[in-house]
Amino acid sequence: MIPRTHARELLRDIGTLDDPVIDLGEGALALAALDRPDVAPDRYRDHIQLLSEDVRHALAIGKDLRTALADVVLGAHGYSGDTLTYDDIQNANLMSVIDRKKGLPVSLGILFIQVARAQGCEAVGLNFPGHFLIRLGDGGERIIVDPF
């Protein structure tokens, strides 16, 4: 469990960091813990680690970053955008998103960014009008990805 006081401290500390060094997954889990303080985050951390390992394997067999992320997160692990109940608050809570395998563009984007960064790749969120996209740096190229 992440006690609420620890979650608040972690979020306060994150607020002092430069964007590239923020652990988005840990921050999102801290936010989720504020809503679900009795739920231990360890299995969610383990799941994010599994996604990272699966993407690492996909990259090792020659897939590019965009394809590896899509094949692993959306394909093998079955994540999708929640088009039926888009406004459901669970779509913004990373623990619920991992449990349900569906969420908002931002919550899915957090998974994409966290997993890409675990590979040493550049990944940042882009606040696009009415949507959230991801910019991935793969070598010298940059591409825009819609995690939804």
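A nonpolar core, as I use the term, is a set of buried Ala, Val, Leu, Ile, Met, Phe, Trp, Tyr and Cys residues joined through side-chain atoms within 4.5 Å. Buried means under 20% relative accessible area, exposed means over 50%, and partly exposed is in between, with a 1.4 Å probe and protein chains only.

Now the ground rules. This is a predicted model: local features need pLDDT of at least 70, side-chain atom pairs count only at pLDDT 80 or more, and totals for chains, interfaces and linings use all residues. Residues are numbered from 1 along each chain as its sequence is written, and side-chain values use heavy atoms, with hydrogens and water left out.

The core first. The largest nonpolar core has 37 residues. Leu 69, Tyr 79, Leu 94 and Leu 136 have the most contacts inside it. Which elements supply at least two residues each? They are α1 (4–14), α2 (24–35), α3 (42–60), α4 (65–76), α5 (94–100), α6 (105–118) and β4 (131–138). Helix α6 gives the largest share, seven residues. Those labels are DSSP runs numbered from the N terminus: helices are H or I with at least four residues, strands are E with at least two.

Take Leu 69. Leave aside its neighbours within four places in sequence, and Leu 69 is in contact with Val 55, Leu 74, Phe 112, Val 115, Ala 116 and Leu 136. Contact here means heavy atoms within 4.5 Å.

Next, helix packing. Two packed helices are described by the angle between their axes and the distance between the axes. Axes are lines fitted to C-alpha atoms, for helices over the stretch in contact, and angles run from 0 to 180 degrees between N-to-C directions.

Start with α2 and α3. Their angle is about 150°, and the axes are 11 Å apart. So α2 is roughly antiparallel to α3; the cut-offs are under 35 degrees for roughly parallel, over 145 for roughly antiparallel, 65 to 115 for roughly perpendicular, and oblique for the rest. On the α2 side, the contact is made by Gly 25, Glu 26 and Leu 29. On the α3 side, Tyr 44, Arg 45 and Ile 48 make it. By class, that contact has three nonpolar, one polar and two charged residues. For the classes, Ala, Val, Leu, Ile, Met, Phe, Trp, Tyr, Cys and Pro count as nonpolar, Asp, Glu, Lys and Arg as charged, and the others, Gly among them, as polar.

Then α2 and α6. They pack at about 145°, with axes 8 Å apart. Leu 24, Gly 25 and Ala 28 of α2 meet Ile 110, Ile 113, Gln 114 and Arg 117 of α6. That contact divides into four nonpolar, two polar and one charged.

Now some single residues. His 77 sits in the loop between α4 and β1 (80–81). Is His 77 buried or exposed? At 15% relative accessibility, His 77 counts as buried. Beyond neighbours within four places in sequence, His 77 is in contact with His 47, Leu 50, Leu 51, Asp 54, Val 72 and Lys 101.

Lys 101 is in the loop between α5 and β2 (102–103). Lys 101 has a positive phi of about 65°, although it is not a glycine. At 25%, Lys 101 is partly exposed.

Asp 99 is in helix α5. Its relative accessibility is 33%, so Asp 99 counts as partly exposed. With neighbours within four places in sequence left aside, Asp 99 is in contact with Arg 36, Arg 43 and Tyr 44.

Last, Glu 141, in strand β5 (residues 141–145). Glu 141 is exposed, at 58% relative accessible area.
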